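Hi,

Here is the structure I promised to pass on.

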Amino acid sequence: MTRNVRPIVAALLGAGMLAATWPGATAVAAPTPRGSVTVSAAASLTEAFTRLGEAFERKNPDATVTFNFGSSSALVGQIQGGAPADVFASADLATMDKLVSGGQVVTTPTPFARNQMQIAVKPGNPKHVKSVSDLTDIGTIALCGAAVPCGIYATSVLERADVTVPESSITRSVDAKATLGAVSQGDANAAIVYITDVKAAGTTVTAVTIPDDQNVNAVYPIAPIATASNPKLAKSFVAYVLSPAGQRTLAKYGFLAP
Amino acid sequence: MLAAIAALLFALPLLGLLQRAGWSSLWEDLSTPAARDALRLSLECSLWSTALSVVLGVPLAWVLARGEFPGRALLRALVLLPMVLPPVVGGVALLYAFGRSNGLVGPWLYDTFGLQLTFSKTGVVLAETFVAMPFLVLTVEGGLRAIDGRYEDAASTLGAGRWTTFRRVTLRFLAPSLAAGAALAWARALGEFGATITFAGNIAGRTQTTPLAVYLLLETQPTAAVALSLVLLAVSVVVLVALRDRWFGIRR
Amino acid sequence: MSLDLAFTAHVGALDLRVDVTVGDEIVAILGPNGAGKTSLLRAIAGLGAIDTGRIAVDGTVLDDPAAGIFVAAADRPIGMVFQEYLLFPFLTARDNVAFPLRSRGINRRDARGQADEWLARVGLADQADAKPHELSGGQAQRVALARAIVADPRVLLLDEPLAALDAQARADIRRDLRRHLAGAAGARLVVTHDAVDASVLADRVVILEAGRIVQQGPMQDIALHPRSSYVADLVGLNLYRGTADDGAVRLEGGGIIVVADHDGRGDVYVSVHPRAVALHLDEPHGSARNHWPGTVVEVDELGDRVRVRIEGAVPIVAEVTRDAAHELALAPGHTVVASVKATEVTVYPA
């Protein structure tokens, strides 16, 4: 730069900085979210949230999002044990409520998506499963553990369809992904998991629809953790999930509107 | 000083477990059908897999200790592989070998014999044997190498044929390492989780061994999970105490 | 009874070549370490195969590579006592002795009965229930002997049976062993590196050196007429080899030994006992026909006697009294003249 322009630039920069840091000046130039945030989310959100995270980071270059996926119940246990999570997204309201009553979540959790269950079978549906009642005599089926959200939903589906599968034919896994894996990789002949999981599994399984009158509505709530190390960024992420952009991503992966 | 830190490393988790135990509800937690099934299944399957490990592992150890053929080092590496593999990977490998849907020999086994190993108690025994046998082979191979070969020479000059020598001399010398190897294999089989849940699945009453039951219970009924864990702990302590003399004592 | 050994065997770096027959007698195999004594026993026992030739007992071939015959150790009519006895540590003395019988299918009660008889015979009836680690060296040796004999073998092999014993016990146990061996039957071979053991235990001695038999016969004959420096050293004689001609033997190194016998011709051994050597500081003038100048290399005091080693045209070891050694002030580096009467020199064909 030529010598006579430099003082002008300096003056402009100084004015800009003054304007930015002046109390009340934030409306003029809002600071971009910065820092890092850890999001613990139900396993069924793996693909959708990973995408969301990438989009969020593109939108906010100074922010980093780290995900911790697992079964909602396990994640609650971790958070209550002091794990450093900033945001929690659960697969059902009851599990989120544990954090509310435990004091780890102080704001009201917001539902951000809905999910439903579907039957997953081996590619080509070799056992010709057409409905929930067909699950009683096709050998071993895979469900989530009876006490985790995905398993509770599956039990509801079976009850609503008035179908009983003997416990000796059920192999239980700790989260939705593992349950689906028992069909796609293992020898289980069918699984009841979230529609989003079946979609994410692509051609490794074939989907069989569960009619609405037998199906459940899994409501997914999200909330920032009270002890978040970066509360601003945490809120920012939650807002993004609820934003139209976030909702579009969720829909792409098969989630329904909350 | 370092030894004290090492001791703490082992003692603190144990104390943590003991502290979290719901002592008042311990008996109830252990008496539920699920808990009893899990404990019974663990006992049955671990004993079967130990027996299988001995029957298959001793000849293998013999070949490794006494055999002279090219590729012996490779065979030993193969046998030790399950010790190095993360158990879940081991389970996946078993699936790809014996899985009925897309295993190497699984479909053939099913078509020819109607045999499905996954989701069965046999599958549990297979998974446990897979991870436990290397311990036995390793210990017995070491024991065989340590035997002074001259005793076997002496036995043959005294008229004992090869099988008699093995039975009446070699096995007697081998007894301590065989016992130690079997105990190690049993303990390993008892605690096996990753390969079991991946290959044999988690079916209550059929393949849900104690570690698998603990895993599921941990999220929803922690005290019951701890109760079951304490049983495994107690068993391990008993085994270790019994082993102590074999491991460190001088064989008379 | 005959044990025919006519074979070669390559064991490690050693080339073993033997041709000897053992009858119903006790034979000692005497030789330095590494001579192949243990390899010889192992070949007879069937613990190692031979390369050429054959091993036979009373006409039955045990090992004949050319004919493709090899009888396994367990099927050979031999019993062996190993150098460290190798009693099975997990069996009592009685069960150790019963082992060969049990291996042949005899039931436990009969086997134990016979074992008890043998233990009584070797004087260990009261140790029948003892475990090997509770026995003394001498007791363990007797149990090992009983164990080797109990099945009535036609060939009995003993590998350094007294080596594991301390000096005090040795003489007594050696006497006992001689008694037991004499009372047994068949070909009995005792391997040892100790000449006294060989003398006491055996009727005949075979000298094995570097895999070859260099000499055999009664111990006295061997001691008087050694055919190798090993034996000469063993019995403490000076041994030379040279060509005899008209009353003198010319050694390879050039030295001359005057001998009393003028008829001897050709390749001979010459032996001189150290006690027959007199030492002088100057050239002596006397009746002794042999004067050999040399230099003192080593002086060893052994009680009242002193062994002096001298290097020269005729290297020699002399044995003199301690007083004499002091009077002559014998020390390494001093020059002396060794003199030996021709009549003290023993000559025999090589």
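C:Arg76 is buried, with a relative accessibility of 1%; buried here means under 20% relative accessible area, exposed means over 50%, and partly exposed is in between (1.4 Å probe, protein chains only). C:Arg76 makes a salt bridge with C:Asp63, with 4.0 Å between the closest N and O atoms. By salt bridge I mean a side-chain nitrogen of Lys or Arg within 4 Å of a carboxyl oxygen of Asp or Glu. The two partners are 13 residues apart: C:Asp63 is in strand E5 (residues 60–64) of chain C, and C:Arg76 is in the loop between strand E6 (69–70) and strand E7 (78–81) of chain C. Helices (H or I, at least four residues) and strands (E, at least two) are DSSP runs, numbered from the N terminus. C:Asp63 is buried too, at 2% relative accessibility.

Before you go further: this is a predicted model, in which local features need pLDDT of at least 70 and side-chain atom pairs count only at pLDDT 80 or more, while totals for chains, interfaces and linings use all residues. Residues are numbered from 1 along each chain as its sequence is written, chains are lettered from A and ligands numbered from 1 in the order in which they are written, and side-chain values use heavy atoms, with hydrogens and water left out.

More on chain C

Another salt bridge joins C:Arg94 and C:Asp116, whose closest N and O atoms are 2.9 Å apart. C:Arg94 sits in helix H2 (residues 93–103) of chain C and C:Asp116 in helix H3 of chain C, so this pair ties together parts 22 residues apart in sequence. C:Arg94 counts as buried at 17%, whereas C:Asp116 is partly exposed at 30%.

C:Arg309 and C:Glu298 also pair up, again with a closest N to O distance of 2.9 Å. Here strand E18 (residues 305–312) of chain C holds C:Arg309 and strand E17 (residues 290–302) of chain C holds C:Glu298, so parts 11 residues apart in sequence are tied together. C:Arg309 is partly exposed at 34% relative accessibility, and C:Glu298 is partly exposed at 34%. Over all chains, the count comes to 35 salt bridges.

C:Ala111 is in helix H3 (residues 108–121) of chain C and is buried, at 0% relative accessibility. What does C:Ala111 touch, leaving out residues up to four places away in sequence? The list is C:Ala98, C:Leu101, C:Arg102 and C:Ile106, where contact means heavy atoms within 4.5 Å.

Chain B on its own

Chain B has 12 helices and zero strands. Its C-alpha atoms fill a box of roughly 65 × 55 × 30 Å along the principal axes, and 44% of the 252 residues in chain B are buried. B:Asp37, B:Arg40, B:Glu44 and B:Lys121 are linked in a network of salt bridges.

On the surface, B:Leu104, B:Val105, B:Trp108, B:Phe113 and B:Leu115 form a nonpolar patch with about 570 Å² of accessible area together. Patches are made of residues with over 30% relative accessible area and no salt bridge, joining like charges within 9 Å and nonpolar side chains (Val, Leu, Ile, Met, Phe, Trp, Tyr) within 5 Å. Accessible areas come from the Shrake-Rupley method with a 1.4 Å probe, and for residues only the protein chains shown count as cover. B:Val105 lies in the loop between helix H5 (87–98) and helix H6 (106–113) of chain B and is partly exposed, at 34%.

How the chains meet

Of the two pairs of chains in contact, chains B and C share the most contacts. Together they bury about 1900 Å², 64% of it on carbon and sulfur atoms; buried area is the accessible area (1.4 Å probe) that two parts lose on being put together, summed over both. On the chain B side, B:Thr157, B:Leu158 and B:Arg168 lose the most area to chain C, together 36% of what that side buries. There are two salt bridges between chain B and chain C, including C:Glu84 with B:Arg150, at 2.9 Å between the closest N and O atoms.

Chain B and chain A bury about 1600 Å² between them, with 51% from carbon and sulfur atoms. B:Phe119, B:Leu216 and B:Glu219 supply 34% of the area that chain B buries there, more than any other three residues. Zero salt bridges are counted between chain B and chain A. Chain A and chain C do not touch, and their nearest C-alpha atoms are 50 Å apart.

Cheers
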